[in-house]
Amino acid sequence: MAQTNTSPIFLGFSSQKGGVGKSTLAEIVSSILYYEEGLNLFVVDCDLSQDSFYKLRQREKNAIENSPDMSRQLQTYFSSLGRIAYRVLKADPENAIACANDQIRKNTNGRYDLVVFDFPGHAGTSELLQLSLDMDYILSPIEADVQSMVSCLSYARTIQDMGISMRDVRIKDIMLLWNKVDRRVKSKLMDYYSDYLVKEGFTLLQCRIHAAHRFSHELEQYGFRGAFRSTYLAPAKALRSGTGLDELVEELLMNIRLKKEVNDGKD
Ligand SMILES: Nc1ncnc2c1ncn2[C@@H]1O[C@H](COP(=O)(O)OP(=O)(O)OP(=O)(O)O)[C@@H](O)[C@H]1O
Ligand SMILES: [Mg+2]
């Protein structure tokens, strides 16, 4: 493992463009990594103005309180898991790092592998750029339309340039990821941009996340088995097939070096 014993990896879900899937992917990926992959993590929601990570946890808590059935199912699930749910904290972008460090210091229950930051809708202002540079890695969802690409590219380039030229910044890489991809349509724009991004030296994840209605399915409406977007559950494997999520988790773990390497004899 690449990290030292004391410092978890900071992973930000961020973009200059709103509505590209930052919160959705942060929620689903965090739940898969924690509940299935067994990583120890917590989340800092830096988007206080919207229906983001923290509010999803609140909605889920309410739904469980109001449903004895669901509450029983979750109790059984958590006792077989042998862990409680991961923490979801909230903080202004300016205070997000202090909030995370405070939680890392306070933790008495083993060390954290990862801290996930859900960024606000627009990452253009200086405090958001600063927060971006304080991440180890950023995962930035992109969509194949020209206007969206212009702002996504300018953000990615800024982070890349500042990461290389400034000292004392934590950022190691910004990973771009195609999201909401329509599998039925071959997109020339996406192919064009994919080539361009690679030529320009950006890290473009090979996996693609497909568009599907289930990305909005929550516990309250779809119950224990049908929930896709949840802070208590990873989406059921059968529901994940064909979405690209498992490929994403695999590729992400390799890129942020949290994948335990087998028999290589190295750290
Ligand atoms: N792969 C997908 N397929 C279908 N819908 C998706 C997918 N990813 C995200 N969405 C939908 O897109 C909408 C915006 O997603 P989300 O809120 O995660 O974006 P965001 O980048 O966090 O937005 P904001 O910038 O406002 O914080 C939501 O309705 C979500 O359900
Ligand atoms: Mg969001």
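A polar contact here is a pair of N or O atoms within 3.5 Å; inside the protein, one must be able to donate a hydrogen and the other to accept it, and residues adjacent in sequence count only if both atoms are side-chain atoms.

This is a predicted model, where local features need pLDDT of at least 70 and side-chain atom pairs count only at pLDDT 80 or more, while totals for chains, interfaces and linings use all residues. Residues are numbered from 1 along each chain as its sequence is written, chains are lettered from A and ligands numbered from 1 in the order in which they are written, and side-chain values use heavy atoms, with hydrogens and water left out.

**Exercise 1.** Find the polar backbone atoms that ligand 1 meets at Val20, Gly21 and His210.

*Solution.* Start with the oxygen side: an oxygen atom of ligand 1 sits 3.1 Å from a polar backbone atom of Val20. At Gly21, the distance from a ligand oxygen to a polar backbone atom is 3.0 Å. Now switch to nitrogen: one such atom of ligand 1 is 3.0 Å from a polar backbone atom of His210. Then check the cover: on its own ligand 1 exposes 630 Å², and the protein buries 78% of that (areas by the Shrake-Rupley method with a 1.4 Å probe; for residues, only the protein chains shown count as cover).

**Exercise 2.** Describe the shell of residues around ligand 1.

*Solution.* Count first: 19 residues surround the ligand (a residue is near if one of its heavy atoms lies within 4 Å). The closest are Lys22, Ser23, Thr24, Asn179 and His210. Next, sort them: five are nonpolar, ten polar and four charged (Ala, Val, Leu, Ile, Met, Phe, Trp, Tyr, Cys and Pro are nonpolar; Asp, Glu, Lys and Arg charged; the others, Gly among them, polar). Last, look for the element with the largest share: H1 gives three residues (helices, H or I, have at least four residues and strands, E, at least two, as DSSP runs numbered from the N terminus).
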